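Have the sequence and the coordinates open as you read.

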Amino acid sequence: MLSQWESGEQWRVEVSPYALSLDQHVKWVADPGAGAISTFSGVTRDSFKGKTVLKLEYECYIPMALKTLKDICVECLQRFDVAKVSVAHRTGTVGIGESSVIIAASSAHRKPSIEACHWLIDTLKAFVPIWKKEFFTDGQVWKENAESRLLDAES
């Protein structure tokens with residue numbers, strides 16, 4: 001399977017079975033009018049609630065994931081005074097210390113790009129149809145996002 005991505009003038013989204021490159025996304029959002037580039041990298045940790053994590057696996061329906069990622073990027077550009085945004089998510093196996101998600105945003109000043117990254121990761125976790133399976137030393141479990149449960153409770 002190849003990496004799949006889409007982009008517009010101010011946004012780029014990617015779903016990939018391969019290691020994600022923070023540098024690639026930082027370079028993509030670089031803009032002559034931007035004095036700030038903020039990033040977020042979600043990395044697989046080695047433990048969760050006292051259990052040893054061996055790895056994570058992600059699955060998604062790529063066309064729907066790309067469309068939803070694009071939609072949240074477009075909304076982010078409307079909400080925040082940012083120049084460009086880029087969001088990438090891994091599929092398949094993601095080992096300890098590897099990035100599952102990378103977000104980059106550029107803006108003239110630091111606050112909008114920082115706020116955009118925060119909003120993008122929260123919105124991605126709540127709405128993008130990507131599913132995570134955690135593998136522990138004593139078993140495995142599919143995980144839902146806490147953000148999705150919060151949205152359901154508000155409905």
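Let's begin in helix α3, where Glu115 and Lys111 both sit, four residues apart, or about one turn of the helix. Helices here are DSSP runs of H or I with at least four residues, strands are runs of E with at least two, and both are numbered from the N terminus. An α-helix has 3.6 residues a turn, so residues three or four places apart point the same way.

Before going further, a word on the source: this is a predicted model, in which local features need pLDDT of at least 70 and side-chain atom pairs count only at pLDDT 80 or more, while totals for chains, interfaces and linings use all residues. Residues are numbered from 1 along each chain as its sequence is written, and side-chain values use heavy atoms, with hydrogens and water left out.

**Salt bridges**

Back to that pair: Glu115 and Lys111 form a salt bridge, with 3.9 Å between the closest N and O atoms. The term means a side-chain nitrogen of Lys or Arg within 4 Å of a carboxyl oxygen of Asp or Glu. Side chains of opposite charge can pair when their charged atoms come close. Glu115 is partly exposed, at 34% relative accessible area, and Lys111 is exposed, at 55%. On this scale, buried is under 20% relative accessible area, exposed is over 50%, and partly exposed is in between, using a 1.4 Å probe and protein chains only.

The structure has nine salt bridges, including these:

| Salt bridge | N to O distance |
|---|---|
| Glu115 and Lys111 | 3.9 Å |
| Glu134 and Lys132 | 3.9 Å |
| Lys143 and Glu134 | 3.0 Å |

Lys132, Glu134 and Lys143 are linked in a salt-bridge network. Glu134 and Lys132 are both buried, with Glu134 at 5% relative accessibility. Lys143, on the other hand, is partly exposed, with a relative accessible area of 22%.

**The annotated positions**

Which residues does the "binding site" annotation cover? The unreviewed UniProt entry lists His109, Arg110, Lys125, Lys132, Lys133 and Glu134. They're spread over 26 residues of sequence, and also in space, up to 37.5 Å between C-alpha atoms. UniProt positions are given in the numbering used here, feature names are shortened, and annotations may be inferred rather than shown by experiment.

Take two of them. Arg110 lies in α3, which runs over residues 110-127, and is exposed at 64% relative accessible area. Leaving out residues up to four places away in sequence, Arg110 touches Ala36 and Ser38; contact means heavy atoms within 4.5 Å. Lys133 lies in strand β9 (residues 130-136) and counts as buried, at 16% relative accessibility.

**The nonpolar core**

A nonpolar core is a set of buried Ala, Val, Leu, Ile, Met, Phe, Trp, Tyr and Cys residues joined through side-chain atoms within 4.5 Å. The largest one has 32 residues, and Leu69, Val85 and Leu120 have the most contacts inside it. Elements giving two or more residues to this core are β2 (11-16), β5 (51-60), α2 (62-79), β6 (84-90), β8 (99-107), α3 and β9. The top contributor is α2, with eight residues.

In α2, the buried residues include Ile62, Leu66, Leu69, Ile72, Cys73 and Cys76. The buried residues of this helix pack against β1 (4-7), β2, β5, β6, α3 and β9. Over in α3, Cys117, Trp119, Leu120, Ile121 and Leu124 are among the buried residues. Leaving aside neighbours within four places in sequence, Leu120 contacts Ile72, Cys73, Cys76, Val85, Val87 and Ile103.

How do the lengths of the helices look?

**The cysteines**

How many disulfides are there? With a disulfide taken as a pair of cysteine sulfur atoms within 2.5 Å, the count is zero. Cys73 is in no disulfide, as the nearest cysteine sulfur, that of Cys76, is 6.8 Å away. For Cys76, too, the closest cysteine sulfur is the one in Cys73, and 6.8 Å is too far for a bond. Cys73 is buried at 0% relative accessibility, and Cys76 is buried at 0% as well.
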